[in-house]
Amino acid sequence: METLDCILKRRSIRRFTDELIPQAVLERILKAGFNAPSAHRLHPLDYIIVTEKERLNGLADLLTYGRPLREAQCAICVVGDHDKQEHFDFLCQDAAASMQNMALMATDAGCASVWIGVSQSYPNIVDVENYLGLPKNIKSLGILALGYPAVDKEANDRYDIHKIHHESWSK
Ligand SMILES: Cc1cc2nc3c(=O)[nH]c(=O)nc-3n(C[C@H](O)[C@H](O)[C@H](O)COP(=O)(O)O)c2cc1C
């Protein structure tokens, strides 16, 4: 698929069919995630793959906007080592780049995905991190819910010339 077509085609899909994601497809999605850029070339991320229904539902129970996990065939939980990358904003940015690479690879492979946000400001973040069995230095940064789409969404183009500035904010 042409890159821009893939970017526009990727939409957040929250309803999934019962079809499992083949291992080879999951590996391609992960490969895309691993090969995102990383601040200071530290590559501080790990990936926890959740496929058991009970575990997916347990995660959904902990996340206010995590309902799509109940139908997902798989969740890729992106976690990062705060000891390796001490700047937390860079840890988040690494995770975001990786998440987006995976979402695009999923789209290209005919899968659907939705990014489930995980914020350190969630009052129950400790519960989420305990659920994933994370040691203290490993932070939960985002979850990609994956499956095959049970609904269709149109490709979307939000390009807006009014939001483009030249040289500084005022121009
Ligand atoms: C950081 C981040 C957190 C998000 N968290 C959630 C979430 O918890 N649950 C959800 O259903 N969608 C979540 N989304 C998906 C957004 O709602 C979605 O990207 C937005 O509505 C734009 O729609 P689109 O992805 O189809 O273009 C999140 C997206 C981002 C980037």
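Trainee: What makes up the shell around the ligand, by nonpolar, polar and charged residues?

Mentor: The shell divides into five nonpolar, three polar and two charged residues. Ala, Val, Leu, Ile, Met, Phe, Trp, Tyr, Cys and Pro count as nonpolar, Asp, Glu, Lys and Arg as charged, and the others, Gly among them, as polar. The model is predicted: local features need pLDDT of at least 70 and side-chain atom pairs count only at pLDDT 80 or more, whereas totals for chains, interfaces and linings use all residues. Residues are numbered from 1 along each chain as its sequence is written.

Trainee: Which residues surround the ligand?

Mentor: They are Arg11, Ser12, Arg14, Tyr65, Pro68, Val114, Trp115, Ile116, Gly117 and Asn156. A residue is near a molecule if its C-beta atom, placed from the backbone, lies within 6 Å of it.

Trainee: Why are E2 and E4 called paired strands?

Mentor: Two strands pair if DSSP finds at least two bridges between them. The strands (DSSP runs of E, at least two residues, numbered from the N terminus) form an open antiparallel sheet in the order E1-E2-E4-E3.

Trainee: What makes E1 and E3 edge strands?

Mentor: Strand E1 (45-50) and strand E3 (112-117) each pair on one side only. E1 pairs with E2 over six bridges, while six bridges join E3 to E4.

Trainee: Why is E4 called largely enclosed?

Mentor: A residue is buried if 20 or more other C-beta atoms lie within 10 Å of its own, exposed if 12 or fewer, and partly exposed in between, with C-beta atoms placed from the backbone. Ten of the ten residues of E4 are buried, so the strand is largely enclosed by the rest of the structure.

Trainee: How does the span of helix H4 compare with the span expected?

Mentor: A helix is a DSSP run of H or I of at least four residues, and its expected span is 1.5 Å times one less than its number of residues. H4 (88-108) has 21 residues and reaches 30 Å from its first C-alpha to its last, close to the 30 Å expected. Just after H4, Gly110 takes a positive phi of about 85°.

Trainee: What do the buried residues of H4 pack against?

Mentor: These residues, among them Leu91, Met99 and Met102, pack against helix H1 (3-9), helix H2 (23-34), E1, E2, E3 and E4. Contact requires C-beta atoms, placed from the backbone, within 7 Å.

Conventions
Two residues are in contact if their C-beta atoms, placed from the backbone, lie within 7 Å.
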